[in-house]
Amino acid sequence: MTIKEIVTKLESIEGSLDDAFYTLPDYNANSETREYIDTARTEIDYLKYVIEKEKSNLPESNNIKYQDIQIDGC
């Protein structure tokens with residue numbers, strides 16, 4: 001899987017989480033659910049940031065594979 005494919009998949013997941021967040025009924029009982037969804041969206045933003053940052057440190061290529069990226073702490 002290339003970096004572009006990974007970022008595209010993360011964006012798709014992010015869109016699904018956005019849809020879930022905005023379609024969740026606005027009841028007090030759902031506040032924890034909203035927090036979980038929002039946390040997942042934040043984590044996806046972070047992953048996209050790390051991937052883009054690490055991609056800039058790799059040689060120029062359209063076929064960079066996930067295995068080529070070294071992410072600290074993972």
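Axes, in what follows, are lines fitted to C-alpha atoms, for helices over the stretch in contact, and the angle between two of them runs from 0 to 180 degrees between N-to-C directions. The model described here is a predicted one.

**The two helices**

Two packed helices are described by the angle between their axes and the distance between the axes. In this model, helix α1 covers residues 3–23 and helix α2 covers residues 31–55, and their axes come within 10 Å of each other while crossing at roughly 160°. Because angles over 145 degrees count as roughly antiparallel, that crossing makes α1 roughly antiparallel to α2. The handedness of the crossing of α1 and α2 is left-handed.

The contact between the helices involves residues of α1 including Ile-3, Leu-10, Leu-17, Asp-18, Phe-21 and Tyr-22, which meet residues of α2 including Arg-34, Ile-37, Arg-41, Ile-44, Ile-51 and Lys-55. Sorted by kind, the residues of this contact of α1 with α2 divide into 14 nonpolar and ten charged, with no polar residue among them.

**An aromatic pair**

A search of the whole structure finds one aromatic pair. Its members are Phe-21 and Tyr-22, whose arrangement is edge-to-face, with 5.1 Å from centre to centre and 85° between the planes. Phe-21 counts as buried, because its relative accessibility is 17%, whereas Tyr-22, at 62% relative accessibility, counts as exposed.

Arg-41 has its place in helix α2, and leaving aside its neighbours within four places in sequence, Arg-41 is in contact with Leu-17, Asp-18, Phe-21 and Tyr-22. Both members of the aromatic pair, Phe-21 and Tyr-22, are thus named among the contacts of Arg-41.

Lys-55 also lies in helix α2. Although Lys-55 and Ile-3 are 52 residues apart along the chain, their C-alpha atoms are separated by 7.9 Å.

Asn-30 belongs to the loop between α1 and α2. Not counting residues up to four places away in sequence, Asn-30 touches Leu-24 and Pro-25.

| Residue | Relative accessibility and class |
|---|---|
| Phe-21 | 17%, buried |
| Tyr-22 | 62%, exposed |
| Asn-30 | 15%, buried |
| Arg-41 | 14%, buried |
| Lys-55 | 33%, partly exposed |

Since buried means under 20% relative accessible area, the value of 14% places Arg-41 in the buried class, and the value of 15% does so for Asn-30. Lys-55, with a relative accessible area of 33%, is partly exposed.

Terms used:
Residues numbered from 1 in each chain as written. Predicted model: local features only at pLDDT ≥ 70, side-chain atom pairs only at ≥ 80, totals over all residues. Heavy atoms only, no water. Helix = DSSP H or I, 4+ residues; strand = E, 2+ residues; numbered from the N terminus. Parallel < 35°, antiparallel > 145°, perpendicular 65-115°, else oblique. Left-handed = near helix turned anticlockwise from the far one by under 90°. Contact = heavy atoms within 4.5 Å. Nonpolar A, V, L, I, M, F, W, Y, C, P; charged D, E, K, R; others polar. Phe/Tyr/Trp six-rings, centres within 6.5 Å; stacked < 30°, edge-to-face > 60°. Buried < 20%, exposed > 50% of the residue type's maximum accessible area, 1.4 Å probe, protein only.
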